[in-house]
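Visitor: Hi, could you walk me through this one? I'd like to start with charged pairs.

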Amino acid sequence: MKLSKFKFNLPEEQIALYPAHNRDESRLLVLNRKTGEIEHKEFKQVLDYFDEQDVFIFNDTKVFPACLYGNKEKTNAKIQVFLLRELNAEMRFWDVLVDPARKIRIGNKLYFGEDDSLVAEVIDNTTSRGRTLRFLYEGSYEEFRETLYKLGETPLPDHIKDRRAVEPEDEERYQTIFAKNEGAVVAPAAGLHFSKQLMKRLEIKGCEFSFITLHAGLGNFRDIDVEDLTKHKMDSEELEILADQAEIINRAHLAKKHVCAVGTTVMRAVESSVGTDAMVKPFKGWTNKFIFPPYDFTVADRMITNFHTPLSTLLMLVCAFGDYDKVMNAYDVAVKEGYRFGSYGDAMLII
């Protein structure tokens, strides 16, 4: 499968800049992956496609305010720092991206906050844009994190941020209602459609929920620069699946109930942890699994996902699950019908 197979024409105005007024009232395109049949619904009608003991797998990662804006010492040049991951809590070491990167060198100090309340020193160059920073902070770890997060902004994807400013509402809406374990810089977008009311209605119907944690990183939006997809390497992301949550999934799978992966992060997490017996195993570690057609899925037989941008690894995974021709046809329909794309966009249920 070649990169160019995932190109399609997406009008810029169909990339959603804001979420739907209510979480569960975005549009929902339902695709039958066997017949190719397409239905147009409202997201809350997802309820109609599931029954007692069917399982939804959610990603309970929590996005942290990863964007910092500061100034470089001496020149006072403006600098953006994107926090990727904490490397060492005691030493205050963080893996970051800096922009612009070309003038930031080892030994440079960066200042953040109106009163320069936070100072960082560049201690390593890892890539052309990547750096390791040591934050110079004398207070407790809790005070340091509080300061860091007070100065940080919600890290909206570039397809939103390039066209509008981050707003107070984003702090809540670019987060699922079940977000718990902090560490993501990208929200698991399919989960954003679930409201407390919808979760309650699914519960009353007898559906079960399993929660896994995959801290989604920027690799989800990184450009692919090879035509042959077998040569593309995904960034590693931290994953944890607890034994009791794996048991919920396996029980439904063995009973031949529907298992629905809510989002591409969940699907990658599940497929990263499946054993040779086609059962989900408890997992704690890192995954860089890249799924593209053709691929045989083992556990989930249904999937909820947003509409993704052209040439993205997210679209490739969806095509692998839903059948390349049927998914690309559904995308053509979605464009013609005015569906909204991207993290704040509408959803697709593949059955």
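Visitor: How many salt bridges are there?

Guide: The count comes to 15 salt bridges. A salt bridge here is a side-chain nitrogen of Lys or Arg within 4 Å of a carboxyl oxygen of Asp or Glu. This is a predicted model, where local features need pLDDT of at least 70, side-chain atom pairs count only at pLDDT 80 or more, and totals for chains, interfaces and linings use all residues. Residues are numbered from 1 along each chain as its sequence is written, and side-chain values use heavy atoms, with hydrogens and water left out.

Visitor: Which residue does glutamate 182 pair with?

Guide: Arginine 145, with the closest N and O atoms 3.0 Å apart. Glutamate 182 sits in strand E11 and arginine 145 in helix H1, 37 residues apart. Helices (H or I, at least four residues) and strands (E, at least two) are DSSP runs, numbered from the N terminus.

Visitor: Is arginine 145 buried or exposed?

Guide: Buried, at 17% relative accessible area. Buried means under 20%, exposed over 50%, partly exposed in between (1.4 Å probe, protein chains only). Glutamate 182 is partly exposed, at 35%.

Visitor: What network is arginine 145 in?

Guide: Salt bridges link Arg145 with Glu86 and Glu182.

Visitor: New topic. Why is helix H6 called largely enclosed?

Guide: Because 10 of its 10 residues, 264-273, are buried. Among them is Arg268.

Visitor: What does arginine 268 pair with?

Guide: Glutamate 237, in a salt bridge of 2.5 Å, N to O.
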